[in-house]
Amino acid sequence: MLHPMTIEPEQQIGVGTQDAFQRLWTPHRMAYIQGENKPTGPEAGDGCPFCGIPDMSDQDGLVVARGKHVYAVLNLYPYNGGHLMVVPYRHVADYTDLDAAETAELAELTKRAMIALRKASGAHGFNIGMNQGQAAGAGIAAHLHQHIVPRWGGDTNFMPVVGHTKVLPQLLADTRQMLADAWPTD
């Protein structure tokens, strides 16, 4: 429970030096920070999670939709609730290496992701993009993936700005099902 700053802070055992901060624990982020599920090298056989996800069930892999050349999957470490990625099945790092069919389907699934996110969650806007290369911020640079991050008016509140913390209101499995149900079929 948060207390006004005029009240003496509670003793919080095991959190280090007592101070005036309350803590919202997000231990799932430690897996990302420590590199869990990150490839050991640039090749498909080096443990690339994007190469392994298509072999999983939709539920286990958090896959929302599958196309012939690309698939849409929830980000395991989302920036916002509903954060999707569109990923080619083929292990390719650079956008310019996609063939015409992969490029077209990546664009089509991005459009469908936006439609599904608007229908399921009323998203007001989107951040869409790719980080090409490790220097550009790609967490998994060896396998291209496009981010579709839903945004809402007022979604940048004190938590991410001051607290550097995102609050996700729904379990990933529930979000996956909600978006799969809202996915356009035509």
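Reply: A search of the whole structure, which is a predicted model, finds 0 disulfides, a disulfide being a pair of cysteine sulfur atoms within 2.5 Å. For C48, the closest cysteine sulfur is that of C51, and because the two sulfurs are 3.8 Å apart they are too far from each other for a bond. C51 is likewise in no disulfide, its nearest cysteine sulfur being that of C48. C48 counts as buried at 6% relative accessibility, whereas C51 is partly exposed with a relative accessible area of 23%; buried means under 20% relative accessible area, exposed over 50%, and partly exposed in between, with a 1.4 Å probe and protein chains only.

As for the helices (DSSP runs of H or I, at least four residues, numbered from the N terminus), the axes of α4 (residues 100–121) and α6 (residues 172–182) come within 8 Å and cross at roughly 110 degrees. These axes are lines fitted to C-alpha atoms over the stretch in contact, with angles from 0 to 180 degrees between N-to-C directions. The two helices are therefore roughly perpendicular to each other, a term for angles of 65 to 115 degrees. In the contact (heavy atoms within 4.5 Å), A116, L117, K119 and A120 of α4 meet M178, L179 and A182 of α6. By class, this contact has 6 nonpolar, no polar and 1 charged residues, where Ala, Leu and Met are among those counted as nonpolar and Lys is one of those counted as charged.

Residues are numbered from 1 along each chain as its sequence is written. In this predicted model local features need pLDDT of at least 70 and side-chain atom pairs count only at pLDDT 80 or more, while totals for chains, interfaces and linings use all residues, and side-chain values use heavy atoms, with hydrogens and water left out.

Technical notes. Parallel < 35°, antiparallel > 145°, perpendicular 65-115°, else oblique.
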